[in-house]
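Please look over the sequence and the model before reading on. The report below is meant to be read beside them.

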Amino acid sequence: MSALAPWGSFKRDIERMFDRMTADWDVPEFKPMGDWMPSLDFAETKDAYSAKLEIAGIEPKDIHVSVENGVLTVKGEKRQEKEEKDERYYRSERSYGSFARSIRLPGPVDTEKVTAAFKNGVLTVTMPKAAAAKGTQIPVKGE
């Protein structure tokens, strides 16, 4: 299994290179920026959009969430633990540093009702859709 370990690093490097090349494309996907990239899920229900990011090891005070001009942006910094002088690492796979992820939202949201909750290393941002984005059901009357 350890023979496959370099693949993960290579894959991340290729993904970052591709993300930099396509940064100017107008696609509704999270665009990574920074030293590392947390995993995420983005979903839609009838009433809201939600984004869940895995960012274990970060203090809530170090996370910044904003919704401006139809774009959700999540920024933060994962600080490295203090190193011990006598410690010798055999393997170091944890990522540290700053990150920023942005996504163009598929529709308008009610920015006054956006919430962000952080629990068990997962940040959940819930963005209720604006009334216009929900649409209206028109009943069909029979004659």
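## About the model

This is a predicted model, in which local features need pLDDT of at least 70 and side-chain atom pairs count only at pLDDT 80 or more, while totals for chains, interfaces and linings use all residues. Residues are numbered from 1 along each chain as its sequence is written, and side-chain values use heavy atoms, with hydrogens and water left out.

## The four-stranded sheet

Strands and helices are DSSP runs numbered from the N terminus (strands, E, of at least two residues; helices, H or I, of at least four). Two strands pair if DSSP finds at least two bridges between them. An open sheet of four strands runs in the order E2-E3-E8-E7, and its pairing is antiparallel. E2 and E7 (115-119) stand at the edges with a single partner strand each, so one side of each has no neighbour in the sheet. From one strand to the next, the twist averages 15 degrees (axes are lines fitted to C-alpha atoms, for helices over the stretch in contact, and angles run from 0 to 180 degrees between N-to-C directions).

E2 (residues 40-44) pairs with E3 over five bridges in the antiparallel sense, and three residues lie between these two strands in a hairpin. Across this pairing, Ala-43 is opposite Ser-50, and Glu-44 has Tyr-49 as its bridge partner. On the E8 side, E3 and E8 (residues 122-128) form an antiparallel pair over seven bridges, with Ala-51 opposite Val-125.

Is E3 largely enclosed or open? Five of the seven residues of E3 (residues 48-54) are buried, so the strand is largely enclosed by the rest of the structure. Buried means under 20% relative accessible area, exposed means over 50%, and partly exposed lies in between (1.4 Å probe, protein chains only).

Ser-50 lies in this strand, E3. Not counting residues up to four places away in sequence, Ser-50 touches Asp-41, Phe-42, Ala-43, Val-125 and Met-127 (contact means heavy atoms within 4.5 Å). The C-alpha atoms of Ser-50 and Val-114 are 9.7 Å apart, although 64 residues separate them along the chain.

Lys-78 belongs to strand E5 (residues 71-78). With 14% relative accessibility, Lys-78 counts as buried. A polar atom of the Lys-78 side chain lies 3.4 Å from the backbone oxygen of Ala-56. Leaving aside neighbours within four places in sequence, the contacts of Lys-78 include Trp-36, Ala-56 and Ser-95.

Which residues line the second largest pocket? Among them are Arg-12, Glu-15, Arg-16, Trp-36, Ala-56, Lys-78 and Ser-95. Helix H1 (residues 5-21) gives the largest share of this lining, three residues. A pocket is an open set of points on a 1 Å grid over the protein atoms alone where a 1.4 Å probe fits, with protein on both sides within 12 Å along at least five of seven lines, and lining residues have an atom within 4 Å of a point.

## Two asparagines in loops

Most residues other than glycine have a negative phi. Asn-69 has a positive phi near 50 degrees and is found in the loop between E4 (63-68) and E5. Asn-69 is exposed, with a relative accessible area of 75%.

Asn-120 also has a positive phi, about 50 degrees, and is not a glycine. The loop between E7 and E8 holds Asn-120, which counts as exposed at 72% relative accessibility.

Definitions and conventions. Polar contact = N/O pair within 3.5 Å; in protein donor to acceptor, adjacent residues only side chain to side chain.
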